[in-house]
Amino acid sequence: MSVYTKESISDLLFQKIDSIIIVDAEKDTYQTVKKQGLFETFVENEGSYKSLVEKLWFNLNGSPKKITDDYHVFIPMMGKFKGKYVDRVNLNIDEKTHLVQISIYPIDESCTKYVFILDELDNSEYLRDFLTDRKIDTIQNTFLFSMYVDLIKDISYSINVTEISNNPQNYDVKYTTWRQMIVNMIWPDDQKLFLERTDPEYLKKNLEPGRATSFDCQMKNLEGVFIWVKLIFSRAHTTNEEDFRFVFMVQNIHENHLKLFDTLKRYEELASKDPLTDIYNHGRIETEISNSIEAFNSNGESVSYMMLDIDFFKKVNDKYGHSVGDIVLKQFAKAIKEFIQPYKMTIGRWGGEEFVCVCYEMNLEELKSIAEKLRQKIEDTTFEKAIKITCSIGLTELKKGDTAQIIFDRVDKAMYEAKSSGRNRIISNI
């Protein structure tokens, strides 16, 4: 059996190790003692320690994509190690993913100088690691971030960013500091809620031991894109009621949230649309009238209203049947909808063959000329079964002190006056 000495073992290890780097975190420098294989081009002979941390940990796990600059504020924290630390990261170099093991050894008492040992693992180790990751992904593939929080000590630790590495990072940060840094990654409209629900006093007051709380918001991911996430706080159950320790997790719910929004939007449309004509129904256009009054009271912008009724529509139903009558109603609504598209107007079916338009940023005189063009368009249009129809139109303009009922009574009266005075005409009522 060969006799090994300290020197021979050192020589053997030096030969086997892919890269050895000496780091001075305080001076933000590193010096490469040895590099071979993929590390020959990956690391410089010397350089900024922050840039080394960025290379090793600030890329998406196994992807060439770099982490957005907003998250680089965490680089100084990630570069501090309290003791020995081992991590495995997937580095994308020359469009190929390499599994690299990083071993870190402090070499001074203040833990500001380290030896970094980097080794590329072989294919079998990579495959085993890949399969392990697949199992983890199956269980928790939606969790992007987790950490433990001790509110009494104001410290966050065991920080795990799964898009960077499957292992917790070996650094800690004051919870209050982390909270103020991460708020910049939250969608501006959600920042107030984030600060309220992550406030230490709020958590102490509102979360009993063993209970969890969560809320949804938009947060910038590592690529700089805002996505929907669920922020979860779970308070640890300990024997000391004054022990405020929490697990904090960020769950990616973006796809599910978009599907939910899509479903809610479809239900909203079903609740708001007239099923026959596919425009707003009575309730929704009534709400639109109320909203227009509120907008007028807030900004003073002119708002006018138009009510249309198909002339002699009963004759269409009597002669051709209700199925043809329904087709004519659809075509009539479509013709109005297409005509008003260039204007800031909304249309709804008030009932039967009556329709109402809310006309924003438009006074009565402006609406008169537009309504005349619409009346002419309806008269010139050929509907189902070569049917020709006309419509009577009533107009009014919103005045200070008007209510929805006053507006409806006024425009309804104008429309009926148009019908009683010969039909196929426009009457305004102020």
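Mentor: Two strands count as paired if DSSP finds at least two bridges between them. Please keep in mind that this is a predicted model.

Trainee: How many bridges join β10 and β11, then?

Mentor: Seven bridges link β10, residues 226-235, with β11, residues 245-252, and the sense is antiparallel. Within this pair, V229 stands opposite N252 of β11.

Trainee: In what order do the five strands of the open sheet run?

Mentor: The order is β8-β7-β11-β10-β9, with antiparallel pairing. At the edges are β8 (155-161) and β9 (212-220), each of which pairs on one side only. On average, neighbouring strands are turned by 20 degrees against each other, direction ignored.

Trainee: Which strands does helix α6 lie across?

Mentor: Helix α6, residues 175-182, lies across β7 (143-150), β8, β9, β10 and β11, and runs at about 145 degrees to β7. Helix α9, residues 254-272, lies across β9, β10 and β11, at about 110 degrees to β10.

Trainee: Changing topic: how much space lies in the second largest pocket?

Mentor: The second largest pocket holds about 210 Å³.

Trainee: And which elements supply at least two residues each of its lining?

Mentor: Those are α12 (322-340) and β13 (345-351). The lining residues include K273, D278, Y280, K337, E338, Q341 and T346.

Trainee: How do the lining residues of that pocket divide into nonpolar, polar and charged?

Mentor: Six residues of the lining are nonpolar, two are polar and four are charged.

Technical notes:
Residues are numbered from 1 along each chain as its sequence is written. This is a predicted model: local features need pLDDT of at least 70, side-chain atom pairs count only at pLDDT 80 or more; totals for chains, interfaces and linings use all residues. Side-chain values use heavy atoms; hydrogens and water are left out. Helices (H or I, at least four residues) and strands (E, at least two) are DSSP runs, numbered from the N terminus. Axes are lines fitted to C-alpha atoms, for helices over the stretch in contact, and angles run from 0 to 180 degrees between N-to-C directions. Contact means heavy atoms within 4.5 Å. On a 1 Å grid over the protein atoms alone, a cavity is a set of points where a 1.4 Å probe fits but cannot get out, and a pocket is an open set with protein on both sides within 12 Å along at least five of seven lines; lining residues have an atom within 4 Å of a point. Grid points are joined across faces, edges and corners, and a volume is the space filled by probe spheres set on the points. Ala, Val, Leu, Ile, Met, Phe, Trp, Tyr, Cys and Pro count as nonpolar, Asp, Glu, Lys and Arg as charged, and the others, Gly among them, as polar.
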